[in-house]
Amino acid sequence: MKNVMIGAEKAVEVRVGRTIHTLIFNGYTMFALQEEFGANFIPTMEKYSKDELERVCRAASIMAQHGELARRRIGLDAQEIKEIKANDIAESSRDIVAVIQAVMQAFTVGFEREIKPEVEEVDLILMELKKDEKVKRAEYLRIGSVSGLSADETLSANVGMIYDLCEMYNQSHKQKEV
């Protein structure tokens, strides 16, 4: 498993069996995971059950599909998109651990922020997003649009980058005391 860049997007490559999958967590992935699993889409693997392993594998497959689409978007050669199935990796503890770690690492690099808020004040939109737990597509796209991004650019970017853009916008538009 290793961190890679696909254009400007951060991703994770993982070898499962003989196949290398590129997992990415961007806006497209976030909404696909929400549609599949609801607001609580990050698998925990606290139970170590077959159901939870299937959930992790499904999340990995969705991330791999979007990772391959990101590769194609920047002009890399198309590769077959293979689904990661729990039954296929159940016999190899090495593959199970690799998939679990890669999914968690993809979330980590996808959410990673590089701009820290100057003060503890938070944008009202971000507060609403946290309160609802389920991110609304329109509000997410609004964050990108105020930063000058198209809908496709917003959804293609890592989630942490979009929140960094929101923070930069807030910092540059904050009212000065008179």
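**Helix 1 and its surroundings**

Gly 38, which follows helix 1 (residues 27-37), has a positive phi near 90 degrees. Helices are DSSP runs of H or I with at least four residues, and strands are E runs of at least two, numbered from the N terminus. The model is predicted, so local features need pLDDT of at least 70 and side-chain atom pairs pLDDT 80 or more, while totals for chains, interfaces and linings use all residues. Residues are numbered from 1 along each chain as its sequence is written, and side-chain values use heavy atoms, without hydrogens or water.

**Helix 1**
- Gly 27, Thr 29, Met 30, Phe 31, Leu 33 and Gln 34 of helix 1 are buried (under 20% relative accessible area with a 1.4 Å probe, protein chains only; exposed is over 50%, partly exposed in between).
- The cover over these buried residues includes strand 3 (19-24), helix 2 (50-73) and helix 4 (93-111).
- Helix 6 (137-146), helix 7 (151-156) and helix 8 (159-172) are also among the elements that cover them.

**Helix 8**
- The buried residues in helix 8 are Val 159, Gly 160, Ile 162, Tyr 163, Asp 164, Leu 165, Cys 166 and Glu 167.

**His 21**
- Strand 3 contains His 21, which is buried because its relative accessible area is 8%.
- Apart from neighbours within four places in sequence, His 21 contacts (heavy atoms within 4.5 Å) Val 12, Glu 13, Val 14, Val 16, Ala 64, Lys 82 and Ile 84.

**Strands 1 and 2**
- Strand 1 (residues 2-6) and strand 2 (residues 9-16) run antiparallel and are joined by 5 bridges; pairing takes at least two DSSP bridges.
- Val 4 stands opposite Ala 11 of strand 2.
- The two strands form a hairpin with 2 residues between them, and Gly 7 in the turn has a positive phi of about 65 degrees.
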